[in-house]
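Take a moment with the sequence and the 3D structure below.

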Amino acid sequence: MPRTAAKKSSSPQNNHHAQSGPIETPRVAKENPFESMLARFDLAAEKLGLDPDVYQILRRPDRELTVSLPVRMDNGRIRVFTGFRVQHNIARGPYKGGIRYSKDVTLDEVRALAAWMTWKCAVVNVPFGGAKGGVICDPQKMSTGELERLTRRYVAAITDIIGPDRDVPAPDMNTNEQTMAWVMDTYSMQKRHTVTAIVTGKPVGLGGSLGRRTATGFGVEFVTNEAIRRWKIAKPRKATVAVQGSGNVGGIAAERYHELGYKVVALSDVHGGVYDPKGLDIPKAMAHLQKKRSLQGFPGQRVTNSELLELPCDVLVPAATEDQITAENAGRIRAKLIVEGANGPTAASADAILEEKGVIVIPDILANAGGVTVSYFEWVQDRQGFFWQLDEVNRRLEEMMVAAFHDVVDFHERFKVSTRIAAYMLGVHRTAQFTLMRGIYA
Ligand code: NAD
C-alpha cells in the first residue's frame with residue numbers, strides 16, 4: 001500500500017481528505033468528465049490514505065499539448081483545426097490512449113480520458129501509462145482526403161512526444177483502422193523506416209492483432225460472467241441483458257451474450273432501440289443494422305435510448321456514450337448489475353443513488369479494458385515481429401480480464417467501498433507504487 005498520508009491543509013491541490021459519508025459520494029458540481037474523474041480519484045485517494053506528495057503528482061496530467069493544424073480542404077482553402085494530446089502519467093510505462101475526432105471534444109474531456117487510461121492500464125496490469133488525443137472537427141462533414149491530410153498533420157505536430165517507447169496512440173470515437181494506418185505511415189516516413197509499434201488498432205495486415213476488433217466486447221462479456229457468478233445475479237448464462245449501443249462494443253457484446261445463451265431483451269443505436277422481453281434474435285438484429293444502418297423496422301417494441309436504461313432486466317450494458325445514467329434517472333434503473341461498456345456512461349452524481357439501491361456496477365475502467373489489453377498484445381507482437389493465433393489472443397485476454405475482476409472485488413471487500421471506487425483505488429494504488437519506486441528525477 002502507498003504510505004498513509006499525513007493530513008495537510010485543504011488547499012485545492014490537496015483536498016482529498018474531504019469528508020465522506022457512510023456511502024461514498026463523489027462531490028461534483030456539474031457533469032464535466034474531468035470533474036467526474038477527479039471526484040472519484042479524490043475519494044479513492046482518501047480511502048487509500050494516499051501519500052499527499054504522490055496525490056499531487058497523480059492529480060495532474062504530466063503534459064498537455066495543444067496544436068494548430070492547417071489543412072488544405074477539397075475546395076482549395078486552408079482550414080486550421082485544433083488538436084490536443086494529453087499525457088497523464090508515465091510511471092508504469094509508455095503513455096497509451098486513443099485519438100478522438102469530434103466537433104465537441106474539449107481539453108477537459110481529453111484530460112479525463114487520459115487519466116482514465118492511466119487507471120485502466122493499471123487495473124488490468126498492462127505496462128502503460130495514460131494518454132489521450134483529440135481533434136476538434138466534424139468527420140461526418142469531411143472527405144476521406146481531408147481526414148487523411150488532417151491525420152497526417154496532427155501526427156506531424158505531435159511527433160516529438162509520441163513513439164513506441166514514449167506514447168502509443170490508438171483509435172477512439174470517429175477514428176478507425178484506416179486512421180491508424182495513416183498514423184503509422186506518417187510516423188514511419190518521418191523516421192525513414194516502418195515503425196508498426198507506434199500505434200495500435202491497425203489493420204491486421206499492417207501489424208494489427210487478430211482479436212483487437214472484438215476485444216472490448218469480449219472483455220465486457222468475460223466480466224459479466226464473473227459478476228453473475230460472484231453475486232449469484234441469475235442462473236449461469238440465463239440472465240436477461242439490455243444493451244445500449246450496437247457498435248464495436250455493444251454490438252459485439254450483444255452477439256457474445258446471445259451465443260452464450262443470455263437473453264438479450266433490448267438493443268439500441270443512436271436512433272433508439274428495440275425491446276422484446278422474450279429475447280431478441282441478435283444475429284438477425286445485427287444483420288438488419290448492417291443492411292439498414294439502423295435498428296428501426298426490426299421486430300420488437302420501439303424504445304428510446306433513455307427508456308432502454310430503465311427496462312426490467314438483470315444486466316444493463318451502457319455501451320454507447322458518456323453521462324447516460326445521471327442523478328435524474330439513476331433511481332429508476334431496474335437492473336441488478338450495470339456493466340459499463342462505454343467510457344464514463346455514469347455521471348459521478350449517480351454513484352450514490354445506484355449504491356443505495358444495491359445496483360452493482362462493473363465500472364468502465366475495468367469493464368471496457370479488453371480493448372487496451374489486446375492493444376498491449378498488438379504492441380508486444382509488433383515489437384517481436386511474431387504474430388499470435390486468435391485463440392491465444394482471446395485466451396490471454398480472458399485470463400487478464402478475470403484476474404483484474406478479482407483484484408477489484410478483493411479491494412471492494414477489503415476496503416468496504418463500491419466496486420467503482422475499488423477499481424479506482426486499485427488503479428491509483430498500482431500507479432502510486434511505481435511512482436514511489438521510481439522516485440523523482442532531478
Ligand atoms: P461505435 O461508434 O462503434 O458505436 C457506438 C454506438 O453507440 C452506436 O451503436 C451508435 O449508434 C450509438 N450511439 C452513439 N451516440 C449515441 C447517443 N448519443 N445515444 C445513444 N446511442 C448512441 O463506438 P464503440 O467503439 O462501440 O464505443 C462505444 C463506447 O465504448 C465509447 O464510450 C468508447 O469510448 C468506449 N470504448 C470503446 C472501446 C473500443 O475498443 N471500441 C474500448 C473502450 C471503450
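Helices (H or I, at least four residues) and strands (E, at least two) are DSSP runs, numbered from the N terminus. Residues are numbered from 1 along each chain as its sequence is written. This is a predicted model, in which local features need pLDDT of at least 70, side-chain atom pairs count only at pLDDT 80 or more, and totals for chains, interfaces and linings use all residues; side-chain values use heavy atoms, with hydrogens and water left out.

Start with Ser 268. It sits in strand β7 (residues 263-269). Is Ser 268 buried or exposed? Buried means under 20% relative accessible area, exposed over 50%, and partly exposed in between (1.4 Å probe, protein chains only). Ser 268 has a relative accessible area of 1%, so it is buried. Contact means heavy atoms within 4.5 Å. Leaving aside neighbours within four places in sequence, Ser 268 contacts Val 243, Gln 244, Gly 245, Ser 246, Gly 273, Leu 295, Asn 305 and Leu 308.

Two strands pair if DSSP finds at least two bridges between them. Strand β6 (residues 240-244) pairs with β10 in the parallel sense, over four bridges. Pro 318 in β10 is the bridge partner of Gln 244. Strand β11 (residues 337-339) also runs parallel to β10, joined by two bridges. Here Val 315 stands opposite Leu 337.

In a regular strand the side chains alternate between the two faces of the sheet. Look at β10 (residues 315-318), which is covered on both faces. Val 315 and Val 317 are buried on one side, Leu 316 and Pro 318 on the other.

Now turn to helix α5 (residues 177-191). Its 15 residues reach 21 Å from first C-alpha to last, close to the 21 Å expected at 1.5 Å a residue. That expected span is 1.5 Å times one less than the number of residues. Buried residues in α5 include Trp 182, Val 183 and Tyr 187. Their cover includes β3 (95-102), α4 (144-158) and β5 (167-171). Just after α5, Arg 192 takes a positive phi of about 70 degrees.

Finally, the cores. A nonpolar core is a set of buried Ala, Val, Leu, Ile, Met, Phe, Trp, Tyr and Cys residues joined through side-chain atoms within 4.5 Å. The largest has 87 residues, and Met 37 and Trp 119 have the most contacts inside it. Helix α13 (residues 390-415) gives this core its largest share, nine residues. Another core, of 25 residues, lies apart from it, with Val 71 and Cys 137 among them.
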